[in-house]
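User: I would like to learn how to read the features of a protein model. Could you take me through one, step by step?

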Amino acid sequence: MFDSYYKFSQVGVEKAHNKRYLKEILIFSFRSKYNYYLVEVEVYVHDIYIVKFYLKKDKRNPLKYHLLTNENKGSKVISTCIRIMLHIYGRNPRASFGFIGANTVDPQNSYIQKQRS
């Protein structure tokens with residue numbers, strides 16, 4: 001299921017200014033058949049890395065982590081994120097990872113997934 005992934009590249013690093021635990025954000029990108037994706041990997045003290053992804057076109061959208069792409073390539077996108085984690089792990093074997101998920105918001109169909117408590 002997670003054997004197939006998209007080719008990715010690191011496209012930037014943003015330094016975290018005035019943040020107590022967040023040191024920097026590594027930015028990766030990859031392209032699917034129809035979309036460009038950005039993967040942000042937040043780097044925290046004690047070698048903690050948090051992975052988030054979204055469509056590049058939604059970069060400034062406050063709901064960017066909630067939106068569906070309708071590509072139906074979730075396992076390939078997640079597999080790409082796992083490959084990015086392995087890439088980081090290859091550079092830092094002390095790395096620990098977290099993966100952030102968000103409830104679904106689909107404005108086209110007026111659907112908002114309820115949050116679970």
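**Reading the fold**

Analyst: In this predicted model, residues 24 or more positions apart account for 42% of the contacts in the chain with a separation of 6 or more.

User: How do I read a sheet, and in what order do the strands of the open sheet stand here?

Analyst: Strands of a sheet pair through backbone hydrogen bonds, and the pairing is either parallel or antiparallel. Here five strands form an open sheet in the order 1-2-3-4-5, with mixed pairing. Strand 1 (8-15) and strand 5 (96-99) are at the edges with a single partner strand each, so one side of each has no neighbour in the sheet. On average, neighbouring strands of this sheet are turned by 25° against each other, direction ignored.

User: How many bridges join strand 3 to strand 4?

Analyst: Eight bridges join strand 3 (residues 36-44) to strand 4 (residues 48-55), and the two run antiparallel. As an example to find in the view, valine 41 has valine 51 in strand 4 as its bridge partner.

User: Where does helix 1 lie, and which of its residues are buried?

Analyst: An α-helix has 3.6 residues a turn, so residues three or four places apart point the same way. Helix 1 (residues 74-91) lies across strands 1, 2, 3, 4 and 5, at about 130° to strand 2 (22-31). Its buried residues are Val77, Ser79, Thr80, Cys81, Ile84, Met85 and Ile88. These buried residues pack against strand 1, strand 2, strand 3, strand 4 and strand 5.

User: What should helix 1 span, given its 18 residues?

Analyst: At 1.5 Å a residue, helix 1 should span 26 Å, and its end C-alpha atoms are 26 Å apart, which agrees.

User: Is asparagine 35 buried or exposed?

Analyst: The cut-off for buried is under 20% relative accessible area. Asparagine 35 has 14%, so this residue counts as buried. Asparagine 35 sits in the loop between strand 2 and strand 3. Its side chain makes a polar contact of 3.1 Å with the side chain of glutamate 71. Leaving aside neighbours within four places in sequence, asparagine 35 is in contact with Phe30, Leu55, Thr69 and Glu71.

User: What radius of gyration would a compact globule with 117 residues have?

Analyst: The radius would be near 13 Å; the chain has 15 Å, which agrees. Of the 117 residues, 36% count as buried.

Key:
Residues numbered from 1 in each chain as written. Predicted model: local features only at pLDDT ≥ 70, side-chain atom pairs only at ≥ 80, totals over all residues. Heavy atoms only, no water. Pairing = 2+ DSSP bridges. Helix = DSSP H or I, 4+ residues; strand = E, 2+ residues; numbered from the N terminus. Axes fitted to C-alpha atoms, helices over the stretch in contact; angles between N-to-C directions. Contact = heavy atoms within 4.5 Å. Expected span 1.5 Å × (residues − 1). Buried < 20%, exposed > 50% of the residue type's maximum accessible area, 1.4 Å probe, protein only. Polar contact = N/O pair within 3.5 Å; in protein donor to acceptor, adjacent residues only side chain to side chain. Rg over C-alpha atoms; globule rule 2.2 N^0.38 Å.
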